[in-house]
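Me: I have a protein chain to study and want to work through it step by step. Can we take it as questions and answers?

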Amino acid sequence: MQKIKGVIFDLDGTLANTLPLCIRAFREAVSPLIQRPLTDEEIIANFGPSEEGTIRTLAPDHYEQGVSDYLHFYKAHHGLCPRPFAGIRELLKILQERGIRIGMVTGKGKHSTMVSPGTIQSAAFFEVIETGAAHGPRKPEGIEAVLRQWGDISREEVIYVGDAPSDIEASRKVGVAVIAAALAETAIPDRLKELEPDEIFYTVEDFAGWIEGQI
């Protein structure tokens with residue numbers, strides 16, 4: 001691996017443990033509209049598009065109300081995840097001080113991204129943020145958009161850091177090295193290892209120690 005000059009982060013489960021917050025907000029927003037309870041598995045199965053796309057699938061007849069209610073509950077329950085993972089801000093500061101480009105590519109919609117604890121407390125570190133789309137997953141396109149903005153460095157000098165199998169697949173599709181972040185209880189380390197990321201880390205401390213030797 002070449003010396004790293006740019007790092008692109010996922011948000012949910014990578015910068016902050018926001019997935020339990022997402023699931024609760026979906027359940028409280030959508031279940032009353034469709035008049036039945038939603039299981040965690042049903043909600044997770046519809047991840048990929050932004051929240052708008054997930055709600056369009058789960059409650060197509062109540063789209064606007066569903067989106068509005070989701071954002072309300074997402075903000076209301078921030079106590080479930082009030083801050084990024086311990087050590088993330090310190091890591092971002094180190095990268096910034098060393099002149100490393102920092103970006104974010106997330107599947108979340110624009111509105112929820114900007115009120116997420118991983119963004120609110122860290123936004124000043126991100127040179128560019130690419131969010132998701134209602135029509136479906138777009139992480140490869142998001143990564144490519146960041147790479148175009150970082151035209152002075154090559155994709156071989158950039159890594160993507162994410163917690164999901166789809167993050168590994170998206171990174172491989174665009175030809176950037178990928179670091180699996182198995183930091184949250186929602187991560188599935190065995191599945192991540194099956195897809196052979198370039199590295200996998202279970203703590204922010206271990207990832208920080210590794211990347212300081214690569215920049």
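Me: How many helices and strands does the protein chain have?
Reply: The model is predicted, and its secondary structure is counted along the protein chain. The count comes to 11 helices and 6 strands.

Me: What is the radius of gyration of the protein chain, and how does it sit with the globule rule?
Reply: For 215 residues the globule rule gives 17 Å. The chain's own value is close to that, so the chain is as compact as a globular protein of that length. Along the principal axes, the C-alpha atoms fill a box of roughly 55 × 30 × 30 Å. The radius of gyration is 17 Å.

Me: What percentage of contacts between residues at least 6 apart join residues at least 24 apart?
Reply: Take the contacts in the protein chain between residues at least 6 apart in sequence. Those that join residues at least 24 apart make up 69%.

Me: Which element gives the largest share of the lining of the largest pocket?
Reply: The largest pocket holds about 870 Å³ of space. It is lined by 34 residues, and the closest to its centre are Phe 47, Gly 48, Lys 139, Ala 164 and Ser 166. Helices α1, α3, α8 and α9 each supply at least two lining residues. The largest share, 6 residues, comes from α9.

Me: How many charged residues are in the lining of the largest pocket?
Reply: Sort the pocket lining by class. There are 15 nonpolar and 7 polar residues. The charged residues number 12.

Me: How many charged residues are in the lining of the largest cavity?
Reply: The whole structure has 3 cavities of 30 Å³ or more. The largest cavity has about 60 Å³ of space, and its lining includes Phe 9, Thr 14 and Ile 88. That lining divides into 11 nonpolar residues and 1 polar residue. The number of charged residues is none.

Me: Which element gives the largest share of the lining of the largest cavity?
Reply: Ile 179, Ala 180 and Ala 181 are among the residues that line the largest cavity. The elements that give two or more residues to this lining are α5, β5 and α11. The largest share, 3 residues, comes from β5.

Me: Why are the buried residues of α11 on the same side of the helix?
Reply: In α11, Val 204, Phe 207, Ala 208, Trp 210 and Ile 211 are buried. An α-helix has 3.6 residues a turn, so residues three or four places apart point the same way. The buried residues of α11 pack against β1, α5, β4, β5 and β6. They are on the same side of α11 because they cover an arc of only 165 degrees around the axis.

Me: Is Thr 113 buried or exposed?
Reply: Thr 113 lies in helix α6. Beyond its neighbours within four places in sequence, its contacts include Leu 11, Met 104, Ile 129 and Thr 131. Its relative accessibility is 0%, so Thr 113 counts as buried.

Me: What is the distance between the C-alpha atoms of Thr 39 and Arg 27?
Reply: Thr 39 lies in the loop between α1 and α2. With a relative accessible area of 39%, Thr 39 is partly exposed. Arg 27 is 12 residues from Thr 39 along the chain. Their C-alpha atoms are separated by 7.8 Å.

Note on methods:
Residues are numbered from 1 along each chain as its sequence is written. This is a predicted model: local features need pLDDT of at least 70, side-chain atom pairs count only at pLDDT 80 or more; totals for chains, interfaces and linings use all residues. Side-chain values use heavy atoms; hydrogens and water are left out. On a 1 Å grid over the protein atoms alone, a cavity is a set of points where a 1.4 Å probe fits but cannot get out, and a pocket is an open set with protein on both sides within 12 Å along at least five of seven lines; lining residues have an atom within 4 Å of a point. Grid points are joined across faces, edges and corners, and a volume is the space filled by probe spheres set on the points. Helices (H or I, at least four residues) and strands (E, at least two) are DSSP runs, numbered from the N terminus. Ala, Val, Leu, Ile, Met, Phe, Trp, Tyr, Cys and Pro count as nonpolar, Asp, Glu, Lys and Arg as charged, and the others, Gly among them, as polar. Buried means under 20% relative accessible area, exposed over 50%, partly exposed in between (1.4 Å probe, protein chains only). The arc is that of the directions from the helix axis to the C-beta atoms. Contact means heavy atoms within 4.5 Å. The radius of gyration is taken over C-alpha atoms; the globule rule is 2.2 Å times the number of residues to the power 0.38.
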